[in-house]
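Subject: Structure handover

Hello,

Here is the structure I promised to pass on. Please open it next to this email, and look up each residue as you read.

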Amino acid sequence: RHEVQNNFLRMFNERLQQEIQERNKIENELKILTTALEQSADTIVVTDGNGHIIYVNKGFTEITGFTKEEALGKTPRILKSGKHSVEFYKKLWSCITSGHVFKGEFINRKKNGKLYWEEKIITPICSQEDEIDYFVSTGRDVTEKKRIERLREDTERIIRHDMKNPLHGIMGFAELLLENNLSQEQRQMVQYIREAAIELMQMLNNSLDIFKMEEGTYQLEKEPVDIVAVVQNTFAMLSQFAAEKKVTLTFEVTKTLPYVAGSARHLQNMCYNLLKNAIEASLPNQTVRIWLEHNLKTIVLKIWNHLPIPEEIRNRFFERYVTYGKKQGNGLGTYSARLVARAHGGDLGFTTSREDGTTLIATLPVWQE
């Protein structure tokens, strides 16, 4: 009997120690989690199922200026700026109360009245009965990012607009000079000036059209375009560049193809940007292949090179200003190329892997009589 009691006490003590260890482990994990939430530079807000704030972290108080005491019990409406419509908030509330995660951008107002941009994710937390108990909101202040983007866009818009007038003047004066008696050497120099001004004007016009495509206001004037000729021209334009990089170019077309419906100028630029990027992404003595396929009502342009797209930019490959490993790269080539493809009613995508390299795939609609 005494031995049974000892065994029972020993088992009880072991179980007690085990539970203490498990509880300490849980408490340590909670402490780490609480510290991480509290010290996060992002705003973290937890509300109950009705939207009343029950927790805010240090990041929230530092960014918004509201103390915890001022925020607790209130709703996130204390940050309302008046810059979003009633419909915006209705869609947000409908989304999260349906159990879905909301991702979006807000213009919020700090306690001092200053506006700021915030990237926000709001996640509903459900009970076992699928009822929403809490909403967890994480946000990041992107005001500076927005300011830089706006400054860049404004600068580009001014450059596009202000450079056109002097270029018209340069072209006009060059044409007047060509009407005079010039020596052969002088005539060649003036023609070079005129052609350079025309080329720069075309670049500005392309830039303006790309801006309209971004804004969704571009109206494509469709014409039948010989896509084979476009690729051949691009091939010729970049042959010297490829030779300097010691990259071999091959263009494959095995049959007569129908025309593409679109703008020859923009398709030329799209093809140029994609092929130039493929050459730049290649190593010496490698090959870049270009070929065209005809699938029902579309023409498919494919450009292949040996190397995979770096994982660091793979998910953002078509975003504006995204580049990797290029000293002179501006991250606009593939971005504008996809805008052009989509403006034509097509699209631009890619496949990439270490084993198979990278293939850029542009689909374009066939010209319909």
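Glu129, Asp130, Glu131 and Asp133 together form a negative surface patch. Take Asp130 from that group. Asp130 sits in the loop that runs between β4 (115–126) and β5 (132–141). Its relative accessibility is 65%, so Asp130 counts as exposed. Please keep in mind that this is a predicted model.

There is a nonpolar surface patch too. Ile54, Ile125 and Tyr134 make this patch, which covers about 260 Å². Find Tyr134 in strand β5. Tyr134 has 38% relative accessibility and therefore counts as partly exposed.

Next, the salt bridges. Side chains of opposite charge can pair when their charged atoms come close. How many salt bridges does the count come to? The total is 12 salt bridges.

**Asp42 and Arg140**

Asp42 forms a salt bridge with Arg140, and the closest N and O atoms are 3.1 Å apart. Asp42 lies in the loop between α1 (2–39) and β1 (43–48), while Arg140 lies in strand β5, so this pair ties together parts that are 98 residues apart in sequence.

**Glu105 and Lys146**

The side chains of Glu105 and Lys146 meet in a salt bridge, at 2.9 Å from N to O. This pair links distant parts of the chain, 41 residues apart: Glu105 is in strand β3 (residues 102–109) and Lys146 is in helix α5. Glu105 counts as partly exposed because its relative accessibility is 31%. Lys146 counts as partly exposed because its relative accessibility is 23%.

**Glu62 and Lys58**

Glu62 forms a salt bridge with Lys58, and here the closest N and O atoms are 4.0 Å apart. Where do these two residues lie? Both are in helix α2 (residues 58–64). They are 4 residues apart, about one turn of the helix. Glu62 has 57% relative accessibility, so Glu62 counts as exposed. Lys58 has 38%, so Lys58 counts as partly exposed.

Now the cysteines. How many disulfides does a search of the whole structure find? The search finds 0 disulfides. Cys126 has 40% relative accessibility and so counts as partly exposed. Cys271 has 1% relative accessibility and so counts as buried.

His168 is in helix α5, which covers residues 143–178. With 47% relative accessibility, His168 counts as partly exposed. His168 and Met201 are 33 residues apart along the chain, and their C-alpha atoms are separated by 8.3 Å.

Trp304 is in strand β10, which covers residues 298–305. Is Trp304 buried or exposed? Trp304 counts as buried, because its relative accessibility is 17% and the cut-off for buried is under 20%. Trp304 and Leu275 are 29 residues apart along the chain. Their C-alpha atoms are separated by 9.0 Å.

Last, two backbone angles. Phi of Lys246 is near 60 degrees, which is a positive value in a residue other than glycine. Lys246 is in the loop between α7 (227–244) and β7 (248–252). At 56% relative accessibility, Lys246 counts as exposed, so look for this residue among the exposed ones.

Asn285 is the other residue to check. Phi of Asn285 is near 70 degrees, again a positive value in a residue other than glycine. Which loop holds Asn285? Asn285 lies in the loop between α8 (264–280) and β9 (287–295). Asn285 has 68% relative accessibility, so Asn285 counts as exposed.

That is the handover.

Best wishes

Technical notes:
Residues are numbered from 1 along each chain as its sequence is written. This is a predicted model: local features need pLDDT of at least 70, side-chain atom pairs count only at pLDDT 80 or more; totals for chains, interfaces and linings use all residues. Side-chain values use heavy atoms; hydrogens and water are left out. Patches are made of residues with over 30% relative accessible area and no salt bridge: like charges are joined within 9 Å, nonpolar side chains (Val, Leu, Ile, Met, Phe, Trp, Tyr) within 5 Å. Accessible areas come from the Shrake-Rupley method with a 1.4 Å probe; for residues, only the protein chains shown count as cover. Lys and Arg count as positive and Asp and Glu as negative; His and the chain ends are not counted. The place of a charge is taken as NZ of Lys, CZ of Arg, CG of Asp or CD of Glu. Buried means under 20% relative accessible area, exposed over 50%, partly exposed in between (1.4 Å probe, protein chains only). A disulfide is a pair of cysteine sulfur atoms within 2.5 Å.
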